[in-house]
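Biologist: I am new to this structure and would like a short tour. Could you open it so that we can look together?

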Amino acid sequence: MDFELPEELAEVQKLARDFAEKEIAPTAAKDDRQHVFRKDLVTKMGDLGFFGCLVPEDDGGNGLGFLAHALISEEIARIHSAIRVYLNMQAGPAVTIAEFGSEQQKRKFLPALLSGEVVGCFAITEPDTGSDVASMKTTATRDGNGYLLNGTKIWITNATVADAGIIFAYTDRSQRHRGMSAFYVDLNQPGVSRRELDKLGTHASPTGELTFENFRVPRERLIGQEGDGFKICMRHLNHTRLGCAAGAVGLARAARDAAVSYANQREQFGQKIGQFQMNQDLIAQMVVQEEAARLLVYRAARLADHGRPNNLEVSMAKYAGGEAAAFCTDAALKMLGAYGYSTEFPAERYYRDAKAYQIVEGSVNIQKLIIAQDALGYRNANR
Ligand SMILES: Cc1cc2nc3c(=O)[nH]c(=O)nc-3n(C[C@H](O)[C@H](O)[C@H](O)COP(=O)(O)OP(=O)(O)OC[C@H]3O[C@@H](n4cnc5c(N)ncnc54)[C@H](O)[C@@H]3O)c2cc1C
């Protein structure tokens, strides 16, 4: 077993690191404060090929794979976690279209998603539907040569800025999850209203509500077959969950770096605060949680790159990553004292942004449920 990154992936990592430090870091605090969506960064990330790792070259991606996508996610989240979210909003719909779309859909929809010309999103969650995806109420009713979409999606990343997105809805609710379908819709059409929602953190990544009222979806926008929606949704989540876990690792790293740097400079009682064993205890825990989560992320990514099932490993990575981000950002705030609480330093942003990693793409509890049920033999996660 070799823990060194192959040269090609080390170059990808360096490219993402340089990009994040040069293009994202200088305005990270301002972007967070002003709640701006950085479309210009979406375009630049598209130009660098950051959205194309999960899409084969034949379909217009670069086929670099899941580990490459994870490395990019990690580097960007280390500088500004909210900007990392842009990766999943482009690459998520793109990989789903690549995996389940027809040749015509791939040709028509992938180039603009991969370049960032079209801002993407995906919408599963509803006011009464969170973890229990199959309980969604949005419907797509056949009408002429297409469907009419009705329902409300909430907590949708990019809801207020997206041009297109994958929307999950029931074409036949009597079939429960076998009656769910997936559509890649053009959101710049009449019949959809948008509302922005405010939140604790991740401010440079807008979140909102999409309400569809007799929103017309042409038949050629159905991804896969009617009834494939639940399967597509689970597959999609498995991919985006991994990118999310990698982002959590990057954020944990940012918090660790802030704590270590501060501990080596701040003095109290005539010595550097890093000399105090209670602070060393925090640092040791931060280092181990972050490193362990990273290894879990890389393993899950490698499995996917070798075409092997990895649902269980992705859940472990997401669980560990979310917990590492939450622990490390909390520990950094403790170590930085009042300076951690200050909005003049990034530690408080890390702390606010970390909480999302315990909720999105399947909550901590849902990951634990998947892991425990697999261990107990109730439900094989990689079936
Ligand atoms: C910043 C942000 C961005 C988001 N972006 C998107 C997006 O782009 N697209 C999208 O579709 N959704 C998005 N979401 C929604 C997100 O996916 C959901 O919030 C998440 O799936 C959890 O659902 P919920 O919040 O309704 O919690 P609920 O499912 O209501 O859960 C509430 C609590 O109960 C626990 N719980 C639920 N079921 C179980 C169970 N069976 N066993 C044990 N515990 C359980 C949960 O872990 C949680 O602690 C976003 C959310 C946020 C905060």
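Predicted model: local features only at pLDDT ≥ 70, side-chain atom pairs only at ≥ 80, totals over all residues.

Biologist: At what angle do α7 and α10 pack?

Modeller: Helix α7 (residues 229–263) and helix α10 (residues 347–354) pack at about 150°, and their axes are 10 Å apart. Angles over 145 degrees count as roughly antiparallel, so α7 is roughly antiparallel to α10.

Biologist: Which residues of α7 and α10 meet there?

Modeller: From α7 come Leu251, Ala254, Ala255 and Ala258, and they meet Ala347, Tyr350, Asp353 and Ala354 of α10. The residues of this contact of α7 with α10 comprise seven nonpolar, no polar and one charged.

Biologist: Let us turn to α5 and α6. How do their axes cross?

Modeller: The axes of α5 and helix α6 (residues 103–115) cross at roughly 165° and come within 10 Å. That angle makes α5 roughly antiparallel to α6. In this pair, α5 passes α6 in a left-handed crossing.

Biologist: And which residues make the contact?

Modeller: On α5 they are Gln90, Pro93, Ala94, Ile97 and Ala98, while α6 contributes Gln105, Lys106, Phe109, Leu110, Leu113 and Leu114. By class, the contact of α5 with α6 has eight nonpolar, two polar and one charged residues.

Biologist: Stepping back, what domains is the chain divided into?

Modeller: The chain has domain 1 (7–115), domain 2 (122–229) and domain 3 (231–375). The centres of domain 1 and domain 3, taken over C-alpha atoms, are separated by 20 Å.

Biologist: How many residues of domain 1 and domain 3 are in contact?

Modeller: In domain 1, 25 residues are in contact with 24 residues of domain 3. On the side of domain 1 that touches domain 3, at least two residues each come from α2 (28–34), α4 (66–79) and α5 (81–100). Helix α5 gives the most to that side, with eleven residues. By class, that side of domain 1 has twelve nonpolar, seven polar and six charged residues.

Biologist: One more topic, the ligand. Which residues come nearest?

Modeller: There are 20 residues around the ligand, and Ile124, Gly130, Ser131, Ser363 and Asn365 come nearest. The shell around the ligand takes at least two residues from each of β1 (122–123), β3 (146–157) and α11 (364–375). By class, the shell has eleven nonpolar, eight polar and one charged residues.

Biologist: Where does the ligand lie relative to the domains?

Modeller: The ligand lies between domain 2 (122–229) and domain 3 (231–375), because both give residues to the shell around it.

Definitions and conventions. Residues numbered from 1 in each chain as written. Domains from an automatic or database assignment. Contact = placed C-beta atoms within 7 Å. Helix = DSSP H or I, 4+ residues; strand = E, 2+ residues; numbered from the N terminus. Nonpolar A, V, L, I, M, F, W, Y, C, P; charged D, E, K, R; others polar. Near = placed C-beta within 6 Å. Axes fitted to C-alpha atoms, helices over the stretch in contact; angles between N-to-C directions. Parallel < 35°, antiparallel > 145°, perpendicular 65-115°, else oblique. Left-handed = near helix turned anticlockwise from the far one by under 90°.
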